[in-house]
There are 2 protein chains.
Amino acid sequence: MEATRIDLEQNDIPTHWYNVVADMKNPPAPPLGPDGQPVAPERMLAIFPGAILEQEMSAERWIPIPQEVREIYRLWRPSPLVRAVRLEQALGTPAKIFYKFEGCSPAGSHKPNSAVPQAFYNKQAGIKRLTTETGAGQWGSSIAFAGQMFGLPVRVYMVNVSYQQKPFRRSMMQTWGAEVYASPSQLTQTGRDALAKDPNNPGSLGLAISEAVEEAAGRPDTNYTLGSVLNHVLLHQTIIGLEAKKQFDKIGLYPDVILGPCGGGSSFGGIAFPFLADQAAGEKRAEKLRCVAVEPTSCPTLTQGAYAYDYGDASGFTPLMKMYTLGHDFMPPGIHAGGLRYHGDSPLVSQLFHEGRVEAVAVPQLATFEAGTLFAKAEGVIPAPESCHAIRAAIDEALKCKATGEPKVILFNLTGHGHFDMAAYDRYFAGELDDYAYPREAVEASLQHLPQVG
Amino acid sequence: MEATRIDLEQNDIPTHWYNVVADMKNPPAPPLGPDGQPVAPERMLAIFPGAILEQEMSAERWIPIPQEVREIYRLWRPSPLVRAVRLEQALGTPAKIFYKFEGCSPAGSHKPNSAVPQAFYNKQAGIKRLTTETGAGQWGSSIAFAGQMFGLPVRVYMVNVSYQQKPFRRSMMQTWGAEVYASPSQLTQTGRDALAKDPNNPGSLGLAISEAVEEAAGRPDTNYTLGSVLNHVLLHQTIIGLEAKKQFDKIGLYPDVILGPCGGGSSFGGIAFPFLADQAAGEKRAEKLRCVAVEPTSCPTLTQGAYAYDYGDASGFTPLMKMYTLGHDFMPPGIHAGGLRYHGDSPLVSQLFHEGRVEAVAVPQLATFEAGTLFAKAEGVIPAPESCHAIRAAIDEALKCKATGEPKVILFNLTGHGHFDMAAYDRYFAGELDDYAYPREAVEASLQHLPQVG
């Protein structure tokens with residue numbers, strides 16, 4: 001029986017994360033304050049520990065993974081690299097399709113890869129509590145898990161409408177001991193102001209971010225954590241691609257195309273960046289490698305956005321970041337891949353895209369669920385809606401190979417299982433889902449509101 | 001870093017299942033028909049394929065696993081054996097605690113281990129469709145998955161109240177292409193009769209079984225499948241214990257105590273039986289091994305039931321089986337471990353218990369959720385309520401070791417993740433759960449109704 005799952009031993013868990021900044025043509029554009037000047041690092045120390053800030057600004061190629069973090073990683077890592085033989089057969093493609101499966105983590109997604117080191121560095125810095133925001137709850141549950149691993153209490157501000165409608169992720173956070181509050185809440189000035197205007201405020205990710213940051217900024221014992229977009233988050237997620245490289249080495253293959261779903265950028269960057277290192281080093285095997293970020297047509301940041309300085313949140317609370325953006329007040333349609341509904345993108349992914357080192361493609365919602373269902377029927381695993389985006393693009397690549405006869409090696413990031421997302425599949429089967437094509441007028445309108453800087 | 005996860009290669013997937021009948025002191029008591037005579041095998045051929053019936057009655061020690069089944073098993077098998085180091089530390093026990101993790105299967109539990117061969121043998125026999133019943137949906141989703149793997153359409157009769165209240169398992173079955181109907185339905189005479197009496201009939205497992213069997217018995221192209229209790233189901237589940245033995249061999253250890261949740265018996269039998277083979281063979285390392293079935297105090301079949309012939313279902317539709325039973329009309333309280341709410345038990349587990357080869361213990365609901373939450377906080381994985389029963393007993397064993405100083409090796413079956421059961425955790429945290437101690441009067445009443453045979 002030919003092996004279709006390539007496992008690594010726990011001692012093969014990488015000892016260093018890979019920092020793509022070391023291999024970029026230009027240094028990253030710095031975050032700017034409201035005055036248009038680069039944000040002083042010390043200002044960020046109110047909400048982040050020093051070790052995280054160092055990583056955020058580092059240009060070192062390899063950054064050591066603390067032993068304490070590797071010991072938690074081994075609760076579910078190394079994650080398997082799987083060859084989707086039955087999917088290949090169903091498509092009749094000569095391509096070899098591989099997926100890196102991140103769905104067996106305690107939280108069911110790739111998010112704990114960064115939550116664990118963030119909790120560790122905060123604990124090490126003497127911080128006593130963590131805050132964060134969460135929408136559907138994927139990041140909130142990951143940081144709840146990670147905080148528990150290091151004995152750090154976690155408070156999660158969960159967007160009110162999700163808090164009411166999605167109680168299961170909330171119960172998951174509580175199982176790991178986190179406090180979960182509907183946002184806006186009475187716990188912060190931001191929350192109280194919002195509730196004073198509207199006691200039934202449904203909340204928003206922007207509001208929840210503001211509450212979590214306000215609490216962290218106001219309490220010296222408390223720090224803030226973020227699940228995507230920032231450099232240190234993408235750094236931690238490179239554990240995915242670094243393991244995948246070892247797994248391909250084991251079977252003597254190398255990918256021709258790498259695909260990751262792309263919202264804030266952490267799952268795409270996590271799987272793709274370590275392979276970009278081979279390209280930067282001039283390795284022959286990586287010459288023709290293509291890395292493709294896959295985004296929804298309804299929130300087409302890289303494929304339709306502007307490359308400009310913009311706020312990270314809807315309310316203009318965060319520093320300005322140079323990134324592809326649809327405008328910070330662009331409100332994406334309500335697709336089920338909640339993790340991909342972000343108006344901007346990681347500054348690192350954005351710059352690499354701008355420099356032509358990575359590609360991007362946008363796929364419509366119905367086609368992603370069609371792909372996810374086909375995948376489940378072939379391979380068993382029911383994927384999260386975010387992961388379905390990468391699967392759609394992988395299937396499209398495999399079908400191109402079928403047309404041309406090329407036996408390409410395709411790798412995609414299966415970022416999480418869909419067991420918390422069955423309501424979305426339900427609506428898909430009932431014919432209730434919409435494609436939400438490129439919302440051109442809304443994007444054009446919000447791009448008029450980009451802050452004038454730089 | 002000492003390894004805490006023991007993996008096997010795909011080629012290590014066992015080539016044979018282990019049949020405990022070969023090592024039992026007495027031959028199993030045969031199933032009886034309504035006339036008190038052993039059921040003729042040909043009568044069962046209306047709903048089962050010959051290969052399954054042969055397994056049901058076989059006394060061969062080793063039964064080959066078809067290559068086609070091993071090829072599907074490898075989508076998630078071998079499953080990991082994990083040492084729960086952080087749980088050991090949290091308890092301060094000198095014991096070594098290991099768990100076999102079945103939660104990474106496509107359906108999230110151990111049930112596909114039998115669903116896959118059942119679908120295969122039916123396909124091989126030329127059967128075109130499968131039926132089954134399901135309560136909360138764990139078995140229904142596993143057979144939906146397995147049917148899809150072999151291109152067999154599956155129809156699932158889902159207890160009406162679960163169909164309405166638990167839509168996510170239903171969506172899961174539909175993702176794998178199964179038809180799911182609320183039971184009672186208009187599709188069978190049983191269903192139509194029930195609906196004629198009460199159009200809002202909430203349904204029951206007994207009714208759903210009757211509908212699934214009626215359809216299979218009435219259509220030559222259609223067979224019936226069952227997820228626990230019967231000998232062939234326990235046979236298939238021995239893949240769990242067989243892998244675990246190889247994994248312990250790899251690290252030079254052997255368990256002193258093995259614990260599995262026990263409802264119909266397939267998860268307990270699956271992990272324990274292969275180790276009983278070592279005892280039967282007189283292996284020294286197995287001399288002191290204890291295998292303990294863990295059941296709920298609210299449905300204490302082995303610990304409080306009678307060893308007698310009884311019906312397998314509530315309505316007296318099935319043959320009579322010799323087993324520990326609380327009486328076929330005993331209705332267990334509504335605990336959240338739905339998989340353990342069965343009035344009887346596997347005839348094989350029952351006979352081994354009767355012969356003193358395995359032990360049993362009953363644990364109350366609140367203590368199981370306490371154990372599951374402690375486990376999640378230590379090890380990350382959130383366990384299904386059924387699995388929490390084994391965890392409770394494992395923790396109790398480890399605490400005994402703490403008192404005595406014995407460094408025992410404890411193994412338990414972590415049969416599934418709890419991501420579909422967060423509502424149960426929610427109710428536990430809200431203080432809404434009950435312990436439902438031994439329902440003595442109800443059991444005594446139902447034991448009065450045991451059929452008079454044998």
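**Exercise 1.** Are A:Lys245 and A:Asp278 buried or exposed? Work out, too, how their side chains meet.

*Solution.* Keep in mind that this is a predicted model.
Step 1: A:Lys245 is buried, and A:Asp278 is buried as well.
Step 2: Their side chains form a salt bridge, with 2.6 Å from N to O.

**Exercise 2.** Find out where B:Arg155 and B:Glu215 lie, and why each counts as buried.

*Solution.* 
Step 1: The two side chains meet in a salt bridge of 3.3 Å, N to O.
Step 2: B:Arg155 belongs to strand β7 (residues 154-159) of chain B, while B:Glu215 belongs to helix α10 (residues 205-218) of chain B, 60 residues apart.
Step 3: Buried means under 20% relative accessible area. B:Arg155 has 13%, so it is buried. B:Glu215 has 8%, so it is buried.

**Exercise 3.** Describe the pair B:Glu444 and B:Arg440.

*Solution.* 
Step 1: They form a salt bridge whose closest N and O atoms are 3.1 Å apart.
Step 2: Both are in helix α18 (residues 440-447) of chain B; because they are four residues apart, about one helical turn separates them.
Step 3: B:Glu444 is partly exposed at 39% relative accessibility, whereas B:Arg440 is exposed at 52%.

Terms used: Residues numbered from 1 in each chain as written. Chains lettered and ligands numbered in written order. Predicted model: local features only at pLDDT ≥ 70, side-chain atom pairs only at ≥ 80, totals over all residues. Heavy atoms only, no water. Salt bridge = Lys/Arg side-chain N within 4 Å of Asp/Glu carboxyl O. Buried < 20%, exposed > 50% of the residue type's maximum accessible area, 1.4 Å probe, protein only. Helix = DSSP H or I, 4+ residues; strand = E, 2+ residues; numbered from the N terminus.
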